[in-house]
Structures are given as C-alpha cells and as structure tokens.
Amino acid sequence: MNLYDLGHVPWLDSQLIYHALPRLQMEGLVLLAPAEPYVCIGYHQDAAQEVDLVYCRERGIPVFRREVGGGAVFLDGQQLFYQLVIHRDNPLATGDKGEFSRRFLAPVVQTYRDLGVEAHYKAVNDIVTVQGRKISGNGAGEIEDYLILVGNLIADFDYETMVRVLRVPDAKFRDKVFKSLRENLTTLHRELGSVPPWETMTSVLIRNFKVALGTLEARSLPPAVGEMVEQLATTHTTDEWLLKAGRRAGEGRRVRIATGVEVSQRMHKAPGGLIRATVESREGQIVGVGLSGDFFFYPSGALAELEEYLTGVELGEVAGAIEAFYAQKGIEAPGVTPHDLALAMGVETPEGG
C-alpha cells in the first residue's frame, strides 16, 4: 500500500485528500497535519445546531463537513492525522465496521504505548488512557467503494477554542462543557509533560501501521489527486454542502404549530453517540422527521432515506418501521439500535428494542 507522509498541508487539503483518493480508485495511508486551524463536523451532524457559525465566520475559522461520521471538533497543527483509504474488497478489510475500526486502531494504540502512554481501544472509535480519558479522535465512513478511517495522535489541544466554537445555550453551560472536556480529553503533552518530536511520532506510527497493513511504499501524491482536491473544493466548501450535506431538505422539519400538529425536539445518548431528532406529527402520524448527531450510520446516505421512510408512519409503529428499515437496507450503525432512534424520537419501546 502507498504511504503519503505529507507533513503540514493547507487545512482544506487535510480533509479533501482522503475524499479524493477513493474517487480516483486509489488506496493509501496518508499522514499529515493542517497548517491552519478549522472546525470539522461529522457527515450526519447539523452544522447550525453543533457549531457557532457566526463566531467562526467573524474570526475566520473555516468550518468543514466531512463524508465521515463522528462529532464536531476543532483541529489544528497540534494533531498528527492518519487517514486510511482501503477498498472494501481488500482482504485486509474483511469483517464488520467494528472489526475494521479495532483492527486499524490497534497500530495507533501501540504507538501511544511506544511513546509512553498506556492506552487501549474503546468501542466504537475511541482510544483512551487507563484513567479513561480520550486521547485520540476517530471517524469512519464509506466513499465510493472504499472504507475510510480517519483519526489523530493528539500532541496538544486548544480546549478554549474548541469550547468557544461550539453552539451552546449560555455561558454557564459552556463552562460546564469546558470542565468536562478538560477532565475527559487528554493529550501527549499532558500525559508526558512534553510533546515528542514530530519525526518520532510519525516514524513510530508508520512502523506500527506496517504490522497491520504490510509493506508501505512512501510516495508523493500524484498530480491527479491535486486536481481532484481542486474539483472537490468547488462543492465541499459551499454553504449548501455545509448546511445540507447533500441530504434532502425535508419540508417536514419546517414546523408550523396548528390544531392537531405537534412538533418535538429530543436528544438521546446512545452507546454509539448522541442522536438529535426533530419530529412533526399530525393526528398521531409523522409528517416529517430530521435525524442528526455524532453517530455512525452505513451506508452514509441511508439516514436521509430513513427520514423519508418514516414519513406517514403512525407514531405507535415507529420502532417496528425502523427495525424493518435496518433489515431491508442492511444498516450498520455501531452502538445505535432501532430502539435508540425510536427513543430519540420520543417513542417508547416496551422491550427495549
């Protein structure tokens, strides 16, 4: 497999390179860091709900929606990104999504250990210290016929900016988020007292990925990748992409309160992540539903299909309808069951799904 060890690159390239490779039918392991800071949100997230877009724009902080699940995060050059792009038919990619993540996060776990931090894998896509603090952010998805795993070694982290770019109801709540973030997210700098040299982190990470991937051939990016990055930049930096992510606009989410009409907004914390649901119902029947959050849902476009599928369903039949959709579409959503989605929509399931 090809290895692209790119060092620090423009912030947009740090996302679009791994979006470009599968569109060019190319596998590879990419190592890089962004030269400028930015905010990155997961594919299924609602940008307007998750991020203070006004604050970011006023301060020139770009916001990008990736084609990979997970949550919103502030990124800068203090993290070493690893981005694995591998064809679904590659023998190394056998198993379900959970196995895929465990297999290819093992090199990252070993890298932390080699650098002096005792770490271990925690489902669905986390790496944590023995104290239970997260020390690596990871996301997974599918683009074309390729499986994608992206994540980072966190050398250091700007907690203050991370909390500030999030959209929260008030300053008191923001303070609580900051305290929780400091308590539950750690870095190499905090654990070791200093940051290992960049070359050390890179070389150890490459060595451990070779155990999982076999031979890695160091290459320069072909010109075609740069051309595809430029092409994707014309679509993936628009407000339309950021705010809609190619999903159906969903008129049912434009709520009007009227006789017989109820609109609900709920959140449910499932093992696989936070789920947000906005449901409009009329006389006990769903008129429109919007689902978002920091969970993983495969195939990626199926979440929008589920929203449409539920339109017209009686509220009492939601849980069964979601179960049927999972079966029909072969849905893989680690840690998010039909029961979890039903709970997010405010529907109780007597037997817990």
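Mentor: Contact means heavy atoms within 4.5 Å. This is a predicted model, in which local features need pLDDT of at least 70, side-chain atom pairs count only at pLDDT 80 or more, and totals for chains use all residues. Residues are numbered from 1 along each chain as its sequence is written, and side-chain values use heavy atoms, with hydrogens and water left out.

Trainee: Among contacts between residues at least 6 apart in sequence, what percentage join residues at least 24 apart?

Mentor: The count takes in contacts in the protein chain between residues at least 6 apart in sequence. The share of these that join residues at least 24 apart is 69%.

Trainee: How much of the protein chain is buried?

Mentor: Buried means under 20% relative accessible area, with a 1.4 Å probe and protein chains only. Of the 353 residues, the share that counts as buried is 52%.

Trainee: How far apart are the end C-alpha atoms of helix α4?

Mentor: Helices are DSSP runs of H or I, at least four residues, numbered from the N terminus. The expected span is 1.5 Å times one less than the number of residues. Helix α4 has 19 residues, 97-115, so it should span 27 Å. The distance between its end C-alpha atoms agrees, at 27 Å.

Trainee: At which residue does α4 bend?

Mentor: The bend is the angle between axes fitted to the seven residues ending at a residue and the seven starting there. In α4 it is about 35°, and a proline, P107, follows within four residues of the bend, which is at L105.

Trainee: Which residue caps the N-terminal end of α4?

Mentor: A side-chain oxygen lies 3.1 Å from the backbone nitrogen of G98. The residue that supplies this oxygen is D96.

Technical notes
Helix = DSSP H or I, 4+ residues; strand = E, 2+ residues; numbered from the N terminus. Polar contact = N/O pair within 3.5 Å; in protein donor to acceptor, adjacent residues only side chain to side chain. Buried < 20%, exposed > 50% of the residue type's maximum accessible area, 1.4 Å probe, protein only.
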